[in-house]
Amino acid sequence: DSAGLWNEVTTNTLVKAAVVAGEFEAAEDILRKFTVKEKGQGDPRSSSNQRRSAGEGGKRRQHPNMEAYTDLIDGYGKAKMLDKAIGTFKSMRQRGVEPNEYSYTCLISAMARNGKMEEANALLSAMESANVRPTTITYNAFIAAALADAPPRLSSTSDVGPDSSYLDEEHRQYNNRIVDSLKLLGRMVKSKVRPNEITISTIVAGMGKCYPPRIEEAKSIVAKLNADGTISRGDERIGTALIHTCGDNGDFGGSLEAYNGIAEQDIIALNAFLDACCKCGKVKIALETFEATFSTGAPGDARARGRKANGRSRMLRPDVVSYTALISALLEMGSPAASQRAHKLYDDMKSSWGIVPDTALIDIILSAVVGGGSLGLESEDIDFIRKVLRDAEGLQGWAPNQLEDRIKEVRFLLLGRLSEAWKNNEAAFGIDDSSQPSTAKVDPLFARKGWNTVDSGFRLWGGGFGGMSTAASETEGDNAEIVDSFLQQHGWNSIDNG
């Protein structure tokens with residue numbers, strides 16, 4: 001009997017697979033049919049499936065199918081199907097499956113992700129009332145979901161007014177979620193649940209995305225928690241978040257201080273600092289930092305070491321993000337020298353480090369080309385474009401028609417620039433005769449065909465008026481009237497009309 005082979009492991013495994021595949025109805029059907037009934041619920045098979053989640057001490061008993069229900073709640077939450085997540089939470093309790101801290105965490109996160117902050121806070125209180133202690137993971141998930149999907153950054157007060165009185169609803173709501181997250185941090189500390197680097201870095205990153213940005217407050221939170229030993233200011237995750245928050249809002253000094261304060265700088269922190277430099281107009285410092293961090297040893301060797309405030313170093317290798325930050329900043333400068341530097345960096349990325357460009361970098365380069373950058377018609381410029389396009393064709397992940405459209409734009413631009421160069425310097429294309437005055441510079445072929453005459457009609461049909469003489473017309477008699485002046489005028493009846 002196959003039913004006898006089915007146990008809670010089967011249920012949990014199949015539900016997880018169904019959730020991953022997005023087959024939520026199938027997952028619900030499995031749970032509806034195969035949720036293990038605990039003793040006293042009329043299922044004789046359940047006696048072999050009893051277990052405790054934490055061993056001795058009389059701690060909360062965990063139902064064998066807790067994992068499956070939690071996976072389904074989490075799946076619904078991430079799919080922003082909040083009503084379904086709440087329904088599953090209710091169903092599990094009705095079937096005798098009491099939620100644990102992970103089940104509560106998933107539903108709280110789903111509520112916050114859907115903007116239901118009041119309901120999420122109420123569920124957090126209900127969790128505590130049910131003697132299920134919230135963990136650092138619970139608070140982190142709550143805060144991360146609340147601060148996800150930040151609205152587009154506002155660059156100036158001209159968009160919202162000097163007192164933020166015209167701030168749109170999306171930004172206003174995000175500002176409120178920042179306030180809620182700070183309250184959660186306070187509640188967390190008061191409940192003696194220790195924040196970690198994920199908690200603080202998430203809040204710091206969010207404070208740089210609200211309007212107006214709360215940079216100084218973010219710095220003070222990090223300093224205070226570092227002073228009381230809750231977190232370490234030198235943590236790379238917290239430092240990187242602070243680099244982004246300061247750099248995105250023009251505070252280069254703050255980014256520099258945060259970068260130098262990281263005890264063990266990793267490549268993510270370095271990339272954040274390079275990006276901050278470029279956004280703050282410090283491209284030269286970004287290039288100097290990159291060159292100082294990565295020496296010029298033989299290709300392929302372990303040649304890079306990050307500079308550390310405490311004298312220690314971690315082996316580092318640049319990645320495509322490192323080069324993207326620098327190349328994009330150089331191309332935005334628009335000068336021939338900056339473009340040449342970008343070309344060299346691109347070549348160094350591939351030849352020295354074996355780094356394959358991604359679609360984002362390729363699109364940045366091609367966008368700069370078609371956006372009126374400093375690209376010329378020198379052989380090295382053309383070779384660079386060909387190289388980039390050749391690399392682009394071997395990459396996966398392009399949106400439909402994205403690459404084809406870029407190629408068309410680049411081709412159109414090159415033809416346009418070639419035309420401009422032709423008009424500005426005819427001698428370079430072998431059609432200039434400097435011995436003649438400018439008004440007499442006429443191409444012999446164009447003159448013979450009549451293509452450059454004012455009265456040539458359809459230009460490609462020109463050829464002069466000598467194709468039919470007066471004598472011939474008289475010989476033809478009445479036909480001369482038919483071969484009218486219109487055709488003769490345009491040279492269409494000339495022998496040599498091409």
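Predicted model: local features only at pLDDT ≥ 70, side-chain atom pairs only at ≥ 80, totals over all residues.
Local features were taken from residues with pLDDT of at least 70, side-chain atom pairs count only at pLDDT 80 or more, and totals for chains, interfaces and linings use all residues. Residues are numbered from 1 along each chain as its sequence is written, and side-chain values use heavy atoms, with hydrogens and water left out.

The secondary structure comprises 23 helices and zero strands. Helices (H or I, at least four residues) and strands (E, at least two) are DSSP runs, numbered from the N terminus. Of the 498 residues, 40% are buried. Buried means under 20% relative accessible area, exposed over 50%, and partly exposed in between (1.4 Å probe, protein chains only). The protein exposes about 27,000 Å². Carbon and sulfur atoms supply 53% of that area. Accessible areas come from the Shrake-Rupley method with a 1.4 Å probe; for residues, only the protein chains shown count as cover. Among contacts with a separation of 6 or more, 63% join residues 24 or more positions apart. A contact places heavy atoms within 4.5 Å.

The largest nonpolar core holds 110 residues. Such a core is a set of buried Ala, Val, Leu, Ile, Met, Phe, Trp, Tyr and Cys residues joined through side-chain atoms within 4.5 Å. Ile327 and Tyr346 touch the most other members. Helix α13 (residues 267-279) supplies the largest share of this core, nine residues. Beyond its neighbours within four places in sequence, Ile327 contacts Ala342, Leu345, Tyr346, Leu361 and Ile365.

No disulfides were found: the count is zero. The criterion is a pair of cysteine sulfur atoms within 2.5 Å. For Cys277, the closest cysteine sulfur belongs to Cys278, 6.6 Å away, too far for a bond. Cys277 is buried, at 0% relative accessibility. Cys210 is buried too, with a relative accessible area of 5%.

Helix α9 (residues 197-207) has several buried positions: Thr199, Ile200, Ser201, Ile203, Val204, Gly206 and Met207. The elements that cover these residues include α7, α8 (169-190), α10 (215-227) and α11 (236-248). Asn196 caps the N-terminal end of α9. A side-chain oxygen of Asn196 lies 3.1 Å from the backbone nitrogen of Ile198.

Thr138 lies in helix α7 (residues 136-146). Thr138 is buried, at 1% relative accessibility. Its side chain makes a polar contact of 2.8 Å with the side chain of Thr105. A polar contact is a pair of N or O atoms within 3.5 Å; within protein, one must be able to donate a hydrogen and the other to accept it, and residues adjacent in sequence count only if both atoms are side-chain atoms. Not counting residues up to four places away in sequence, Thr138 touches Glu101, Thr105, Ile108, Leu124 and Met127.

Lys80 occupies the loop between α3 (66-78) and α4 (82-94). Lys80 is partly exposed, at 44% relative accessibility. Lys80 and Asn114 are 34 residues apart in sequence, with their C-alpha atoms 6.7 Å apart. Leaving aside neighbours within four places in sequence, Lys80 contacts Arg113, Asn114 and Asp149. The side chains of Lys80 and Asp149 form a polar contact of 3.3 Å.

The model contains 21 salt bridges. Each pairs a side-chain nitrogen of Lys or Arg with a carboxyl oxygen of Asp or Glu within 4 Å. Glu28 bridges to Arg32, with the closest N and O atoms 3.9 Å apart. These two residues are four apart in helix α2 (residues 24-34), so about one helical turn separates them. Glu28 is partly exposed, at 22% relative accessibility. A network of salt bridges links Glu28, Asp29, Arg32 and Lys33.

Arg406 and Glu409 form another bridge, at 2.9 Å from N to O. Both residues lie in helix α19 (residues 402-424), three residues apart, about one turn. An α-helix has 3.6 residues a turn, so residues three or four places apart point the same way. Arg406 is buried, at 19% relative accessible area, whereas Glu409 is partly exposed, at 33%. Arg93 and Glu98 also meet in a salt bridge, at 3.7 Å from N to O. Arg93 is partly exposed, at 39% relative accessible area. Glu98 is partly exposed, at 37%.
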